[in-house]
Amino acid sequence: MWPWEHLAFGYLLYSLSIRLWRRRPPAGLGVLTLVFATQFPDLVDKPLAWVFHVLPSGLSLAHSLLFAVPLSVFVLLVAWWRNVPSAGAAFAIGYFSHLLGDAVYPYLLGRELFPWFLIWPLYSREATVDSALLQVIELSAAFLDFLGTPRGKLYLVFELVLLTSMLLLWLFDGHPGVPLPRRRSAAR
């Protein structure tokens, strides 16, 4: 998934979860934590694989449940101890929404559903380590080719619905995490 898709999917799940759990919209700290968590696996794995070449692929260590579960439990415990449980929940929801999105994403693009990375290193594919620039160019080219297909056009509609839904829900929630400028009153 692309970063904005991880964010949109994670925000929808988090906002709806907080509304069910707390009966209120999400607050700033939770949303900022969520933004980070929805990107976290890629922020770890992509540089370690594509730049430093210490991981076999951009879907390995931080994309593995063997790493994600203990880290999320730790973050939840620290957040509970620091009396900010919604931030811990935001981290876990953002993190696991990222993993779920990456597991299902190939299917949306018409490829085989094969979430091997979720149990790395117990199961590992051959190394796919190239330079970061080459990886981005190849991914972008393949994605642009896909968008030219009928399924790609349908995907664009899905993308528009996903991003619009997230933006509308975020505005409905009171735009948590980003204070918008307020208009000054004309009367003094």
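Biologist: Why are α3 and α4 called roughly antiparallel to each other?

Modeller: This is a predicted model, in which local features need pLDDT of at least 70 and side-chain atom pairs count only at pLDDT 80 or more, while totals for chains, interfaces and linings use all residues. Residues are numbered from 1 along each chain as its sequence is written, and side-chain values use heavy atoms, with hydrogens and water left out. The axes of α3 (residues 65-81) and α4 (residues 85-108) cross at roughly 165 degrees and come within 7 Å; axes are lines fitted to C-alpha atoms, for helices over the stretch in contact, and angles run from 0 to 180 degrees between N-to-C directions. Angles under 35 degrees count as roughly parallel, over 145 as roughly antiparallel, 65 to 115 as roughly perpendicular and the rest as oblique, and α3 and α4 are therefore roughly antiparallel.

Biologist: What makes the residues of α3 and α4 a contact, and how do they divide by class?

Modeller: Contact means heavy atoms within 4.5 Å. Residues including L65, F67 and L71 in α3 meet residues of α4, among them F91, Y95 and F96. By class, this contact of α3 with α4 has 16 nonpolar, 2 polar and no charged residues, where Ala, Val, Leu, Ile, Met, Phe, Trp, Tyr, Cys and Pro count as nonpolar, Asp, Glu, Lys and Arg as charged, and the others, Gly among them, as polar.

Biologist: What places R22 over the face of W21?

Modeller: A charge sits over a ring if NZ of Lys or CZ of Arg is within 6 Å of the ring centre and within 35 degrees of the ring normal; R22 lies over the face of W21, at 4.8 Å from the ring centre.

Biologist: Which residues do ring pairs link into a cluster?

Modeller: The structure holds 13 aromatic pairs, counted where rings of Phe, Tyr and Trp (its six-membered ring) have their centres within 6.5 Å. Such pairs link W2, W4, Y105, F143, F146, Y155 and F158 into a cluster.

Biologist: Which residues does a cis peptide bond join, and where is P121 found?

Modeller: The cis peptide bond joins W120 and P121, with omega about 5 degrees, and P121 is found in the loop between α4 and α5 (132-147).

How values were computed: Helices (H or I, at least four residues) and strands (E, at least two) are DSSP runs, numbered from the N terminus. Rings of Phe, Tyr and Trp (its six-membered ring) pair if their centres lie within 6.5 Å; planes under 30 degrees apart count as stacked, over 60 as edge-to-face and the rest as tilted.
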